[in-house]
Each structure stands twice: as C-alpha cells, then as structure tokens.
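This report covers backbone geometry, helix packing, a surface patch and salt bridges. The sequence and structure come first.

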Amino acid sequence: MHPQRIVPAYFLIQAALVMAWWVLLVTFPPSVAWFQPASRPPDSVWSFWLADAVLIIGGSVAVAVGIWKRHPNAGIMVWSVAVATWYPTLVCIATSSQTGEAWIASSMMVMMAGMSLAMATIHGSTTQTPATIRVTRMTRPSALFWTLGQTVIFWGVFLWVLPLGIVELQGHFRVGDFQHAYQGFSSLTLLLAASCLGLWSGITMSTLGSGTPLPTATAPRLVAVGPYRYVRNPMAVAGILQGMAVGWCLGSVPVMAYSLAGAFLWQGAVRPVEERDLSRRFGASYDAYRARVGLWFPKRRTSRHNQV
C-alpha cells in the first residue's frame, strides 16, 4: 500500500480504537482498574476524556481528511497529533514507574505514540513526498547521535514498557510464570550479549553507512563489514534475542512469544520492502552480498582451496 493511503488509514484506525476504549470504560466500569494504579480514585480516569476526544480522536480524523484532500497544512497536522500523543504517554510511563502498576495503559499509550510518530515521519514535510524508506545523508557524528537515541527509545519501549504490560496482563488472566535454577544469570548473560551485538551493529551502520538503522533515515551506503559480514540484519537478530532474554528473565512465556512474533513480522512485512529498496539502490553489489551472507544465520564459508 502506498504511504499516501497508509497514513490516513492508520489515523482513522487510531481514532476508532481510542473511541472504542472509552466505550469499554463507560459500558464496563470494572475495566477502569486495568488502566490505572489501585491507589488512584476510580473516577480520575475521566479527567482525560476531553483531551482524548479533541486532540487524539478529533485530531486523528482531521489528519486523515486533510491528507486525503491534500490540505497544504496536512504535514503540520500530522506532527501536531503525533506530539500530542506523547504528553499523556510520558505521564503514563512516569506513573507506572512510580507505582509499579498500570503498565497496560503505558503499553497502549507508547504504541499509539510510537505509531503516530512513525506515520508523521513517513508522511514527511509535504503530502507530495511520502515514503516508507528515505535515504538520509548525515555526518558520522550526527548519524551516531541519532542511532544511539533511537536505540535508547527502542530498548525502552520494546524491552521495558511492553514486556511489563504483557506481564501485568498475564496477572489479570491468571497466567503464571516459570522459574528455574540460574534463570536470572543465564537470561541476563543472553541480554548483555544481544545488546552488545545490537550496539555493534548500530554503531557500524552509523559510522560507516552515514545513516541510521531506521528505514525513514536509512544509510546511503551499503554496509557489509563488522557484524554485517555474518548476517544481513544483525540488529533484527539482536532485537529478537533481547526480547527472548527479557521474557526468560521475567519467566513469561507470553513475552517470549511476543518477541518471536516480532521475528515473523519483520520477516514477512519489513524484510521484503527493505530488500527491494537495497536491490534497487545497490544493484549487483547487494545481490552478491545477499547471495554470500545469510539472513538470520551465518552461512558456511567455502574455503578458497575448495572453490573451483
């Protein structure tokens, strides 16, 4: 689907989901307890209905209509809604960090804020140039700065907020956890190793590729050294292993399943788009690289003595 259709479709879905959430709270009041700390008065959640109705529901619908009608200020509207979603998101995360509760609400908010920001980035500054993959030429210090910033955000969302939200959801459905000897040591060792691989990959991409791992600010150069000598997307491998390690540490099968689901999502939705772009930009060089280097696992290298 063309980005010109993806962005407005997403914002309409976002408006519908937020409206459905409020309908759930109204029609089934006990559900309020799922989304706020037990220490907060049950009625405190209603303080947010006007802001949600105007800024998120109304704003999302306005963005979708503005993009379809090619309004000259559609780009500003998209960014305004994206920024508006981050204030309640940060409030939720701060509340969950303080109380150790309401991680479901924080997970929902961070997903919405992240997707809104992604849509704003995809849409770009004008409605005439939307793109899911955009080449961005940066200086090495700038590329490294943005890559490390992205890393902090992604790790915070996918390895902290969302797993805790899943674990909290387990409690409501009375899904137990698992424990075994050396669980903490083993899982944290895997997490450390996977994190080092992720950092190595990101730093290599930014310093040698002059871009970031993010598709909307991707590197203008093909990087085939460092960890990219062994697998074509070591950051995806590192991310899946990190998620598995977090689930292992928490003793949560659903968190581990969530991590594996990320692998299937990347394989089916992200990889084809990324590989078509790389093949288009780098041609025979990328095709030779893809034939030489495995996607998820290193290929067995043939020694020169055995080559014909």
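## Loop residues with positive phi

R70 is found in the loop between helix 2 and helix 3, helices being DSSP runs of H or I with at least four residues, numbered from the N terminus. Although R70 is not a glycine, its phi is positive, at about 55°. R174 lies in the loop between helix 5 (140-172) and helix 6. Its phi is near 55°, also a positive value in a residue other than glycine. Most residues other than glycine have a negative phi.

## Basis of the model

The model is predicted: local features need pLDDT of at least 70 and side-chain atom pairs count only at pLDDT 80 or more, while totals for chains, interfaces and linings use all residues. Residues are numbered from 1 along each chain as its sequence is written, and side-chain values use heavy atoms, with hydrogens and water left out.

## Helix packing

Helix 3 (residues 74-99) and helix 4 (residues 103-123) pack with their axes 8 Å apart, at an angle of about 155°. Axes are lines fitted to C-alpha atoms, for helices over the stretch in contact, and angles run from 0 to 180 degrees between N-to-C directions. Helix 3 and helix 4 are therefore roughly antiparallel (angles over 145 degrees; under 35 is roughly parallel, 65 to 115 roughly perpendicular and the rest oblique). Their crossing is left-handed, that is, the near helix is turned anticlockwise from the far one by less than a right angle. The contact of helix 3 with helix 4 has 16 nonpolar, 10 polar and no charged residues.

Helix 7 (residues 234-250) and helix 8 (residues 253-282) have axes that come within 7 Å and cross at roughly 165°. That makes helix 7 roughly antiparallel to helix 8. The crossing of helix 7 and helix 8 is left-handed.

## Nonpolar surface patch

L12, V61, V65 and W68 make a nonpolar surface patch of about 330 Å². Patch residues have over 30% relative accessible area and no salt bridge, with nonpolar side chains joined within 5 Å; areas come from the Shrake-Rupley method with a 1.4 Å probe. Helix 2 (residues 49-68) gives the most to the patch, with three residues, including V65.

## Salt bridges

The structure holds six salt bridges (a side-chain nitrogen of Lys or Arg within 4 Å of a carboxyl oxygen of Asp or Glu). One of them joins R232 and E275, whose closest N and O atoms are 2.8 Å apart. R232 lies in the loop between helix 6 (183-209) and helix 7 and E275 in helix 8, so the pair ties together parts 43 residues apart in sequence.

Key
Helices (H or I, at least four residues) and strands (E, at least two) are DSSP runs, numbered from the N terminus. Ala, Val, Leu, Ile, Met, Phe, Trp, Tyr, Cys and Pro count as nonpolar, Asp, Glu, Lys and Arg as charged, and the others, Gly among them, as polar. Patches are made of residues with over 30% relative accessible area and no salt bridge: like charges are joined within 9 Å, nonpolar side chains (Val, Leu, Ile, Met, Phe, Trp, Tyr) within 5 Å.
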